[in-house]
Amino acid sequence: MRNPLLLLVCLAAVASTPLALAADPQAAPPSTQVLLDQAKVHLSAGRYNAALDSFDAALAQDPNNHLTLFRRGTVQLSLGRIAEATRDFDRVLAIKPGHSRALLQRAKLSAKQGRIQQAISDLTKLLEAEPANTEATELLATYHEAAAQLAEGERLAGAGRHEEAIAHLSAALVEMPYSIPVRHLRAQSHLATGAKVMAIGDLSRVAQIESNSIPTLMQLAQLHLDIGELSGALTNAKDCLRLDQDQKECKKTFRTVKQLEKAIKAAEDVLAKQLWKVAINKLEAAKPPVVAQVEAFGQEAKELRKRVYSIICKAHGEMKDNKNTLLWCGKILEIDGENVDALVYRGEAKLDMELYEDAMRDFAAASQHGGQSQRIQQLHSKAQRLHQQASRKDYYKILGVPRTATHRDIRRAYQKLTRTLHPDKYQGDLSKEAVEKKMGEINEAYATLKDPELRARVDNGEDPNDANAGQGGNPFGGGHPFFQGGGGGFPFQFQQGGAGGGGSPFKFNFQFQ
């Protein structure tokens, strides 16, 4: 029975042999067997690179040892070094053409790289020597099917039937994922159908396999730019310039992306500082303007367009520019119908424009799509109240002014209306009672809107003069607001009835403040 302790001591001694040699350069080099034993120890400890060093040293002494070559090939394969592993298996088969494990491994590697006929040939040879090899039999059938799928995909692509071609090429790529020609062919079919994102996926894989391909990197940079992925375009352009710093197209793409990103970032920075107009100016100052640039990209550049539109939507929304808010927030919602910020800004603009039902729909949609904030609930409630108010009394409409009117605008409108409806000057078709009623409404509207507190309640959808609504009584302190005695202003009187009649006098007190 072997002594485990003695075995560990021996293995440790073998593994430490290179250190001893380094300390004593006059010592004889270790034998091939010692080196192979070292490799075994390194592999058992998971030190694959150290194992490769031992295999390299062993092969330097015995370059035609097919077993050592095969073992090194399997380690290369474990480390993902496909090309190196393939070379080792090729050398094994050059020395010993019937080596079954080398045939099997090379067939798998050949298939993954798209050399499907080479894979089929290796498996056929293997099965001639080992007809009962189940794994080889199953793989051979799989590779024949992959070859048929590839042939059909190539035929369909050549005939311009790209949607069908993509399906067959995708099936082939399951078995040959590292095939550069098949990846390129499917990318071309994706581009023919307008699927730039899918084409980018294939070409990105090609760039990983073939890292020094400038044409692939150039194409990727442009495609990323076309779909508005600035970071992807910048990465591809940089990789291209590392390979050739004078490449003109890569330089052009790099400059375009850097300038565009700089302009957008500058606008976002000032927007965060609430400099709304400056943010818009930053986008317009770029040459060409940022909006023109992003709208010139392909239809798939949705995220970049949304990013830019969001800056403009928010800026106009905060500046209460309702027309432009509707325009730019609407552009966002064409791309992303569930964008909460765009729905809220557009809803507020519609609220200011007295489009209450439309505003309620926007606020409801914002709430439905994740905007469960108190502010959205308050805006929705305000729109509901204003909508209800619009069907009753509207003080702004009575005076003929918009909700955005200043105090000065309201006073001027009131003065104009009172002069028009002066009982001694009125020339219209209204009856005396109608004129009195109209003047009462005008006086009430003016008294309400000139008071900042009462006006704020009106703007919030309340009627401060509706006692039934529980919002307080008449602001005039009782009685009809039109019939008041005393106070300032310029009182005037007129006698109801004809000359010598006994009608009662009315005293109108108009107060312009």
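## Helix pairs

Angles under 35 degrees count as roughly parallel, over 145 as roughly antiparallel, 65 to 115 as roughly perpendicular, and the rest as oblique. Here helices (H or I, at least four residues) are DSSP runs, numbered from the N terminus, and each axis is a line fitted to C-alpha atoms over the stretch in contact, with angles running from 0 to 180 degrees between N-to-C directions. The model you are looking at is predicted, and local features need pLDDT of at least 70, side-chain atom pairs count only at pLDDT 80 or more, while totals for chains, interfaces and linings use all residues. Residues are numbered from 1 along each chain as its sequence is written, and side-chain values use heavy atoms, with hydrogens and water left out.

Let's start with α20 and α21 (residues 356-368), which pack at an angle of about 160 degrees with their axes 8 Å apart. The two helices α20 and α21 are therefore roughly antiparallel to each other. Their crossing is left-handed (the near helix is turned anticlockwise from the far one by less than a right angle; clockwise would be right-handed). Contact (heavy atoms within 4.5 Å) involves Val340, Leu343, Val344, Arg346, Gly347, Glu348, Lys350 and Leu351 on the α20 side, and Tyr356, Asp358, Ala359, Asp362, Phe363, Ala365 and Ala366 on the α21 side. By class, this contact of α20 with α21 has nine nonpolar, one polar and five charged residues; Ala, Val, Leu, Ile, Met, Phe, Trp, Tyr, Cys and Pro count as nonpolar, Asp, Glu, Lys and Arg as charged, and the others, Gly among them, as polar.

Now for another pair: α7 (residues 100-112) and α9 (residues 134-158) have axes 12 Å apart and an angle of about 20 degrees, and α7 and α9 are therefore roughly parallel to each other. The crossing of α7 past α9 is left-handed. From α7, Leu104, Ala107, Lys108 and Ala111 meet Glu135, Leu139 and Tyr143 of α9. That contact of α7 with α9 divides into five nonpolar, no polar and two charged residues.

## Pocket and cavity

Rolling a probe the size of a water molecule over the atoms shows where empty space is left. On a 1 Å grid over the protein atoms alone, a cavity is a set of points where a 1.4 Å probe fits but cannot get out, whereas a pocket is an open set with protein on both sides within 12 Å along at least five of seven lines; lining residues have an atom within 4 Å of a point. Grid points are joined across faces, edges and corners, and a volume is the space filled by probe spheres set on the points.

The largest pocket has a volume of about 170 Å³. Its lining is made of Lys320, Glu348, Leu351, Asp352, Leu379, Lys382, Leu386, Arg403, Thr404 and Asp459, with α20 (340-352) and α22 (374-390) as the elements that give two or more residues. Six of the lining residues of the largest pocket are charged, three nonpolar and one polar.

There is one cavity of 30 Å³ or more, and the largest cavity holds about 40 Å³ of space. Among its lining residues are His316, Asn322, Tyr345 and Glu348. The helix that gives the most to this lining is α20, with four residues.

## Backbone details

The peptide bond from lysine 287 to proline 288 is cis, with omega near -5 degrees. Proline 288 sits in the loop between α16 (276-285) and α17 (290-296). Glutamine 274, in the loop between α15 (248-272) and α16, has phi near 65 degrees, a positive value in a residue other than glycine.
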